[in-house]
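Hi everyone, thanks for coming. Let me put the model up on the screen, and then we can walk through it together.

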Amino acid sequence: MQVELTVNGERRSDEVEPRMLLVHYLRDVCGLRAANVGCDTTSCGACTVLLNGESVKSCTVLVAQAAGQEVITTEGLASDGELHPVQRAFRAEHGLQCGFCTPGMVMAAIGLLAENPHPTEREVREGLEGNLCRCTGYHNIVRAVLAAAREADAEVTA
Amino acid sequence: MIPAPFDYVQAESAAHAIALLAEHGDDAKLLAGGHSLLPMMKLRLAAPEVLIDIARVPELAGITRDGDELVIGAATRHADLAGSALVRAQAPLLAHAASLVGDPQIRHRGTIGGSLAHADPAADLPMALVALGGSVQLSGPDGARAVAADDFFTGFFETALEPGELLTAVRVPCRPDAVWGYQKFVRRANDWAIVGVATIGGRIALANMGPVPLRARAAEDALAAGASPAEAARLAAEGTSPGEDIHADRGYREHLARVLTRRALDGEHS
């Protein structure tokens, strides 16, 4: 079947099998390898991307279900060589260890902050419930999300 | 893991979806959020030849009030249910249950109709619907009918849906002022309840205490006869038939049902 959708701002049209999962479309057809296939069972969140601005696990979405919609992956976050504020915060707060869960964590965090720009620490922890870090590096990940929220506030007040 | 091959059809309307179901029969499955069906297809526990996508059928979307009931389109996602001001005001138990399904990503995709039709006895929304005394609207080639929550869940992952029928909407009574409680006992984040309890206005529903979401009738009867919540909760496991798994044996689940029912009757929300 033919699917048309927007990936990181680029309109695409590709011939795919109906059974193709969004994560395989992104990795194998679009060549975007940030979204990782981790558990492949909707648990770990390493494949998280934004679909119409909302976090979804791309291992459990058919590319056919995303037709006509807008997908953003970690590759689509930086603009003009500037990292996205959440990416900057993950770097500044060392919100990663091995890095495998990081693209999914960043996308889930962006989705969380879009829905709740001023989360408490508890809300961040609950908001990242769908993302697992096998290094158990949660503490700095939570700090990074809180720092990104504070930075967004500072930019608004500045 | 990749599902077995299938044809994908997007339904334009509920009538179109029903016609497609009639055309393809047992070879077809309805797809909404896909967060129960796609994992089963990836594990090859399901291998439909045709998927009929109903997620974008306009008449299956939306939440409205009809007299003393809320009418919730079957394709309403858990996130929309949890965030709806109308649901939070009129059926706060349902909004709370929706906010506990899976995790944020799952709530962005999964739908109330899909969760109810899937009928996992450990899931949140089937238990919530039974507690609220809601009903589902089913449409098929022979017309539409309503089925009460107590009659909808007929067995382990089985419902009153006939082949060829589509769950179009969910109706729940508006209960803005009723005292309610909700307890979901899990070992891990993003998991199903080992045991769940939802209570509202003298009704008590249990998750994962049998093949379907159950009413704790003995405890309800005791409450109606004037027993205290603590006394009634002692009867919460009467008439249940919980399974056993790595998380809990039968006795432990019965114990949880009693403890969680007492907490829920005290109005606690987990």
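Into which domains is chain B divided? There are three: domain 1 (7-53), domain 2 (58-173) and domain 3 (180-265), with bounds that come from an automatic or database domain assignment.

Some housekeeping. This is a predicted model, where local features need pLDDT of at least 70 and side-chain atom pairs count only at pLDDT 80 or more, while totals for chains, interfaces and linings use all residues. Residues are numbered from 1 along each chain as its sequence is written, chains are lettered from A and ligands numbered from 1 in the order in which they are written, and side-chain values use heavy atoms, with hydrogens and water left out.

Let's start inside chain B, with domain 2 and domain 3. Their C-alpha centres lie 21 Å apart. Domain 2 of chain B puts 26 residues in contact with 23 residues of domain 3 of chain B, contact being heavy atoms within 4.5 Å. The size of an interface is often given as the accessible area lost when the parts come together. Here the buried area is about 2,000 Å², and carbon and sulfur atoms give 66% of it; that is area lost to a 1.4 Å probe, summed over both parts.

How many salt bridges does the rule find across the interface of domain 2 and domain 3 of chain B? It finds three, each needing a side-chain nitrogen of Lys or Arg within 4 Å of a carboxyl oxygen of Asp or Glu. If you'd like a pair to look at, the side chains of B:Asp150 and B:Arg215 form a salt bridge at 2.8 Å, N to O. The interface of domain 2 and domain 3 of chain B also has 10 residue pairs in polar contact, both at pLDDT 80 or more. A polar contact is a pair of N or O atoms within 3.5 Å; within protein, one must be able to donate a hydrogen and the other to accept it, and residues adjacent in sequence count only if both atoms are side-chain atoms.

On the domain 2 side, helix H5 (92-99), helix H8 (124-132) and strand E8 (153-155) of chain B each supply at least two residues. Helices (H or I, at least four residues) and strands (E, at least two) are DSSP runs, numbered from the N terminus. H8(B) gives the most to that side, with six residues.

Now a single residue. Is B:His78 buried or exposed? B:His78 counts as buried because its relative accessibility is 4%, where buried means under 20%, exposed over 50% and partly exposed in between, using a 1.4 Å probe and protein chains only. B:His78 lies in helix H3 (residues 78-83) of chain B. Leaving aside residues up to four places away in sequence, B:His78 touches several others, including B:Ala98, B:Arg107 and B:Leu125.

Next, the two chains together. The contact takes 29 residues from chain B and 31 residues from chain A. Chain B and chain A bury about 2,400 Å² between them, with 54% from carbon and sulfur atoms. On the chain B side, B:Gln105, B:His108 and B:Arg109 lose the most area to chain A, together 25% of what that side buries. There are three salt bridges between the chains, and A:Lys57 and B:Asp103 meet in a salt bridge at 2.6 Å, N to O.

Finally, chain A has domain 1 (2-76) and domain 2 (85-157). Across their interface the rule finds zero salt bridges. Thanks, everyone!

Note on methods: Buried area is the accessible area (1.4 Å probe) that two parts lose on being put together, summed over both.
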